[in-house]
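Dear colleague,

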Amino acid sequence: MLRDKNIYLIIFFLILLNLTAHFIPFERASLSSDEYSYIVSNNLGIKNFLLVPDRPILYIWLEIQKIIIEENSFKGLIGVFLSSLLTIFVTYHFLSLFFNKQNSLIIIIIYSLLISKLEIFHTPILIHSNIVSSLYIISLINFIVFIQNKKSRYYFFSLVTYSICIFWYEIGVFLPAIFFIFSYFFKDNNNNYYYFKKSIYEIVPFIFVLVFYLTYRSSGAFGYIDPFPGHQIFPDSQIYSLGLF
């Protein structure tokens, strides 16, 4: 797709579409209460895996984002703009696996204008939502490419990306079922039972990652902390309830 001389025109159009549809005027840059919550919280780094086992990578990302954006709402808006562009580009690439570039462009225009929730374009706290959604789609793209050409590196990258995403934001818990559908129906199923088993084997590692995550989350990092509802962190024996999402 990148060899297509028209791809640069498509990229420019999608940038312009995203800019004019959601980010003009730029004066609306602002921080939400969630931003201020994580700005004043302590940095825990890798300890997030023990203290917030439901979404540890999310909180590590928020600590990185705090360093980059600080309390600058304009930097935050630029981050939202770039992360939403990432989602649009990745989604366009996913669509191009099934449609020609004209139809893919029409669908992504509809996606950008009608389907996306308006709140994902508003405050920096949702930069992570755009990034992790894009990573889930990248995982799906790589799995589909693996099914098409049987190159193991695409399978490996899909599995690694999914593993990162599930510990970041759990919206992809049912993605292994989609992997199975693609794995089974993209094959020449002359022997249905054989390809059914083969498709099961291909998603087993993803199921293992999912079960491990659910166990890790529900057990409070295997008993390190008491399981709790919601999203809280416990730096220096003080409770900072971020109230995210």
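Which side chain meets that of lysine 150 in a salt bridge? The partner is glutamate 202, at 3.6 Å from N to O. This pair links distant parts of the chain, with lysine 150 in the loop between α7 (127-149) and α8 and glutamate 202 in helix α10, 52 residues apart. Lysine 150 has a relative accessible area of 42% and is therefore partly exposed, whereas glutamate 202, at 8%, counts as buried. Please note that the model is a predicted one.

Lysine 150 also lies over the face of phenylalanine 146, at 5.3 Å from the ring centre. Phenylalanine 146 in turn belongs to an aromatic cluster, together with Tyr136, Phe143, Tyr155, Tyr162, Phe179 and Phe206.

The structure holds 25 aromatic pairs. One of them joins tyrosine 155 and phenylalanine 206 edge-to-face, with 5.6 Å between the centres and 80° between the planes. Tyrosine 155 is in helix α8 (residues 152-166) and phenylalanine 206 in helix α10 (residues 192-218), so the pair ties together parts that are 51 residues apart in sequence. Both residues, tyrosine 155 and phenylalanine 206, are buried.

The count of salt bridges comes to 3. Among them is the one between arginine 55 and glutamate 170, at 2.8 Å from N to O. Here arginine 55 lies in the loop between α3 and α4 (56-69) and glutamate 170 in the loop between α8 and α9, 115 residues apart. Arginine 55 and glutamate 170 are both buried.

Glutamate 170 also meets arginine 217 in a salt bridge, at 3.5 Å from N to O. Since arginine 217 lies in helix α10 and glutamate 170 in the loop between α8 and α9, the pair ties together parts that are 47 residues apart in sequence. Arginine 217 is partly exposed, with a relative accessible area of 28%, while glutamate 170 is buried at 18%. Through shared partners, Arg55, Glu170 and Arg217 are joined into one network of salt bridges.

On the surface, Phe98, Phe99, Ile181, Phe185 and Phe186 form a nonpolar patch with about 490 Å² of accessible area together. Phenylalanine 185 is placed in helix α9 (residues 175-185) and counts as exposed at 56% relative accessibility.

By contrast, threonine 91, in helix α5 (residues 73-96), counts as buried at 9% relative accessibility. Leaving aside residues up to four places away in sequence, threonine 91 touches Ile108, Tyr111 and Ile137.

With kind regards

Key. Residues are numbered from 1 along each chain as its sequence is written. This is a predicted model: local features need pLDDT of at least 70, side-chain atom pairs count only at pLDDT 80 or more; totals for chains, interfaces and linings use all residues. Side-chain values use heavy atoms; hydrogens and water are left out. Rings of Phe, Tyr and Trp (its six-membered ring) pair if their centres lie within 6.5 Å; planes under 30 degrees apart count as stacked, over 60 as edge-to-face and the rest as tilted. Helices (H or I, at least four residues) and strands (E, at least two) are DSSP runs, numbered from the N terminus. Buried means under 20% relative accessible area, exposed over 50%, partly exposed in between (1.4 Å probe, protein chains only). A charge sits over a ring if NZ of Lys or CZ of Arg is within 6 Å of the ring centre and within 35 degrees of the ring normal. Patches are made of residues with over 30% relative accessible area and no salt bridge: like charges are joined within 9 Å, nonpolar side chains (Val, Leu, Ile, Met, Phe, Trp, Tyr) within 5 Å. Accessible areas come from the Shrake-Rupley method with a 1.4 Å probe; for residues, only the protein chains shown count as cover. A salt bridge is a side-chain nitrogen of Lys or Arg within 4 Å of a carboxyl oxygen of Asp or Glu. Contact means heavy atoms within 4.5 Å.
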